Amino acid sequence: YATQILNSTEMGDIRTAFSAAVSGKNLTYHQISGSTTLNSTIDLHLAYNQVSYVAYGTRTISGLWNLTITITDRYDFQQQPWANQMTTADLVTFINNEAAAAQDAGAIVPYNIHVTVSTQCREVIIENMSVDQGNLVD
């Protein structure tokens, strides 16, 4: 799953957030953290769904940022109502709820997942713009 996670739109969003966090600050290293829902593919949605992440980056001499992004999740199941945000497919809800019942009975044991990917990003450059008291001005 590491390659699928790395190529997901959610990882693109994390790179963008990191880039925005370091841009114009003359930093050599930085870290951001948060949570996101991996749902850009059905595989990621069903295998991970809601995850936490930490993105740690170091700036190279050329200004490129080398990032290490670690996502963490707990592989477990929670009962879902039939009308829910997880899916519109009744079969997926049924299977999830059966797995939650199996977990409650001890047949499925939850466990922690850690996936680390490496990637790069550049700082955001806004040409012909400056920041004045938090507002962008020409």
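Biologist: Over how many bridges do strand 1 (residues 29–38) and strand 2 (residues 49–59) pair in the antiparallel sense?

Modeller: This is a predicted model, in which local features need pLDDT of at least 70 and side-chain atom pairs count only at pLDDT 80 or more, while totals for chains, interfaces and linings use all residues. Residues are numbered from 1 along each chain as its sequence is written, and side-chain values use heavy atoms, with hydrogens and water left out. Strands (E, at least two residues) and helices (H or I, at least four) are DSSP runs numbered from the N terminus, and two strands pair if DSSP finds at least two bridges between them. For strand 1 and strand 2, which pair in the antiparallel sense, the count is 10 bridges.

Biologist: Which residue in strand 2 is the bridge partner of tyrosine 29?

Modeller: Within strand 2, serine 52 is the bridge partner of serine 35. Threonine 58 has a bridge partner in strand 3, namely asparagine 66. In strand 2, the bridge partner of tyrosine 29 is threonine 58.

Biologist: Which glycine in the turn of the hairpin formed by strand 2 and strand 3 has a positive phi?

Modeller: Strand 2 and strand 3 (residues 65–75) pair in the antiparallel sense over 8 bridges, and they form a hairpin with 5 residues between them. In that turn, the residue with a positive phi, of about 95°, is glycine 63.

Biologist: In what order do the 4 strands form the open sheet, and which are its edge strands?

Modeller: The pairing in this open sheet is antiparallel, and the order of the strands is 1-2-3-4.

Biologist: Why does leucine 91 count as exposed?

Modeller: Leucine 91 lies in helix 4 (residues 90–104). A residue is buried under 20% relative accessible area, exposed over 50% and partly exposed in between, with a 1.4 Å probe and protein chains only. Leucine 91 therefore counts as exposed, its relative accessibility being 57%.

Biologist: Which residues are in contact with asparagine 39, leaving aside its neighbours within four places in sequence?

Modeller: Asparagine 39 is found in the loop between strand 1 and helix 3 (42–47), and it counts as partly exposed because its relative accessibility is 45%. Its C-alpha atom is separated by 8.9 Å from that of threonine 9, although the two residues are 30 residues apart along the chain. With contact meaning heavy atoms within 4.5 Å, the residues in contact with asparagine 39, those neighbours left aside, are Glu10 and His45.
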